[in-house]
Amino acid sequence: MVFDAFFKSSSAWTSNDIPDLKGRVAVVTGGNAGLGYTTVLELARHGAKVYMASRNATTAQTAIDSVKAAVPSAEVEFLAFDLTSLGGAKAAANQFLEKEERLDMLVLNAGVMAKPYELTADGIEVQACNGTGHFALTIPLLPVLRHTASLPDSHVRIVSLSSEGHRAAQNPNFSNLEGLNQRCSTAMHRYGNSKLSNILFTNELQRRLADTNIYCLSVHPGLVATNIYRGTHASYPWLAPFSFLEKYALSSPEQGARTQLYAATALEVEEKDLKAAYLVPYAKVGTPTTRAQDKDGKLAKEFWSLCETLVAQADPKAEGTK
């Protein structure tokens, strides 16, 4: 399930190469800004009906209005989703299932980076929610994803946004809540653990979907100028005065979203059999760490089991952080 960085032909792939998506349905978490917004925009531009899964309805509606101004024919709807609430994530999945009978693309894009240590109402360290929140959303959607994969001409994808930051993972312990919530040396090490969990989740999800033609992929979008750096500025205030340099040193969201759009839509993904692949800019196969490859599956299974326990114990009324 790990691929060498040999795949050169798709490096020139752009959103212009997205196939016709008419009749297909997508969910994009964190779709109101940055990489998520660009992903929603391009999927809608090419004919998909897209659910913008975001926490703030007002912000999401502004983003939806912007998409429709750019693409008058766009079908985009708001889906209430809070990455930091396990109950909220399950509720988002149920809300979607009440409206749709198919799901072709699930893009797990939302995330936070380098935030100061904080526990959510579920008792989970906020950065660890990059993994647990998306688990809670994805699992209830698996039946509709499986159903869609059984339909003619289906190309079902589950795309998880990870990061090269997974290389900074520090003593990852996904066997219990205490291990998941460990403080680590720095906020960036906690971020690394969360991004490692995204890859492990993809690997285990692909293993469990081995009997289907569903493709699960992890993506590193590159260093992109988005609002994800707000957490970094909170943890490392001395960096804030240099934030104006981000627009010069970092890629634009339009550039950064190319790889996840490729993962979600390109037919080459199936032609090259890129199940559980780790993609890097732009639309190329990379090699994650040995720990992320997790060849015996131990870490992935521990993370999966822990998430199942946390979701089962979650208070459906719990919201956000405390």
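**Salt bridges: worked exercises**

Asp104 is buried, with a relative accessible area of 0% (buried means under 20% relative accessible area, exposed over 50%, partly exposed in between, using a 1.4 Å probe and protein chains only). The model is predicted, so local features need pLDDT of at least 70 and side-chain atom pairs count only at pLDDT 80 or more, while totals for chains, interfaces and linings use all residues. Residues are numbered from 1 along each chain as its sequence is written, and side-chain values use heavy atoms, with hydrogens and water left out.

**Exercise 1.** Find which residue meets the side chain of Asp104 in a salt bridge.

*Solution.* 
- Start with the criterion: a side-chain nitrogen of Lys or Arg within 4 Å of a carboxyl oxygen of Asp or Glu.
- Arg102 is partly exposed, at 21% relative accessibility.
- Now widen the view: a network of salt bridges links Arg24, Arg102, Asp104 and Asp153.

**Exercise 2.** Work out which parts of the chain the salt bridge between Glu270 and Arg157 ties together.

*Solution.* 
- The two side chains meet at 2.8 Å, N to O.
- Glu270 sits in helix α11 (residues 268-271) and Arg157 in strand β5 (residues 157-161), so the pair joins parts 113 residues apart in sequence. Helices (H or I, at least four residues) and strands (E, at least two) are DSSP runs, numbered from the N terminus.
- Finish with accessibility: Glu270 is partly exposed at 21%, whereas Arg157 is buried at 0%.

**Exercise 3.** State how many salt bridges a search of the whole structure finds.

*Solution.* The search gives 15 salt bridges.
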